[in-house]
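Here is a friendly look at how some side chains meet inside a protein chain. Have the sequence and the 3D view at hand as you read.

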Amino acid sequence: PFPSPNLLLLNMSRNGGFSVYVGNLPYRTTENEVGDFFSQVGEVTNVRLVIDRETGRAKGFGFVEFSNEEAANNAVNQLNEQDFNGRNLRVNLANNRN
C-alpha cells in the first residue's frame, strides 16, 4: 500500500528516488491503482496524487517515484500515452524542486 496523498507537493523526490509526472489521470483513481500500473516497469517506492485543498478532490495528476533511474525512464518510454482506465496518460520525468 502507498501513503495517503499530500495536499501540497513541494519536493518530488525528497527520498532520493526518481520521479515521473503523470497527467490525465482519471479523477477517481487511487494511489494503489496507479502504483500497481506503474510497477510493471520497475519498483515503485511512492505515489502522490495531487488533491485540491478547497474541494478535497483529485486534480487528475500526480507523481510516481521509482527506486532507480532506469525504471523512471522505462515509465516515460513505455507508459506515456498508454490507456489507464479509459484515459491516455501523460508521463514525463519530473523536475526536482530542491
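This is a predicted model: local features need pLDDT of at least 70, side-chain atom pairs count only at pLDDT 80 or more; totals for chains, interfaces and linings use all residues.

**Aromatic pairs**

How many aromatic pairs does a search of the whole structure find? The search turns up 6 of them. One of these pairs is Tyr21 with Phe63: the ring centres are 5.9 Å apart and the planes sit at 65°, so the pair is edge-to-face. The cut-off for that label is a plane angle over 60 degrees. Tyr21 belongs to strand β1 (residues 18–23) and Phe63 to strand β3, so this pair ties together parts that are 42 residues apart in sequence.

Now turn to Phe38 and Phe66. Their ring centres lie 6.4 Å apart with the planes at 55°, so this pair is tilted. Here, too, distant parts of the chain are linked: Phe38 is in helix α1 (residues 31–38) and Phe66 is in strand β3, 28 residues apart. Phe38 is buried, at 1% relative accessibility, and Phe66 is buried as well, with a relative accessible area of 0%. Both residues are also part of a cluster, in which ring pairs link Phe37, Phe38, Phe66 and Phe84.

The two pairs are set out below.

| Pair | Distance between ring centres | Angle between planes | Type |
|---|---|---|---|
| Tyr21 and Phe63 | 5.9 Å | 65° | edge-to-face |
| Phe38 and Phe66 | 6.4 Å | 55° | tilted |

**A charged pair**

Which side chains meet in a salt bridge? They are those of Glu65 and Arg48, with an N to O distance of 3.4 Å. The count of salt bridges comes to 1. Glu65 is in strand β3 and Arg48 in strand β2 (residues 44–51), so to speak of the pair is to speak of distant parts of the chain, 17 residues apart. The side chains of Glu65 and Arg48 are also joined by a polar contact of 3.4 Å.

For orientation in the viewer, strand β3 spans residues 58–66 and holds Glu65. Phe63 and Phe66 are in strand β3 too.

How values were computed: Residues are numbered from 1 along each chain as its sequence is written. Side-chain values use heavy atoms; hydrogens and water are left out. Helices (H or I, at least four residues) and strands (E, at least two) are DSSP runs, numbered from the N terminus. A polar contact is a pair of N or O atoms within 3.5 Å; within protein, one must be able to donate a hydrogen and the other to accept it, and residues adjacent in sequence count only if both atoms are side-chain atoms. Rings of Phe, Tyr and Trp (its six-membered ring) pair if their centres lie within 6.5 Å; planes under 30 degrees apart count as stacked, over 60 as edge-to-face and the rest as tilted. Buried means under 20% relative accessible area, exposed over 50%, partly exposed in between (1.4 Å probe, protein chains only). A salt bridge is a side-chain nitrogen of Lys or Arg within 4 Å of a carboxyl oxygen of Asp or Glu.
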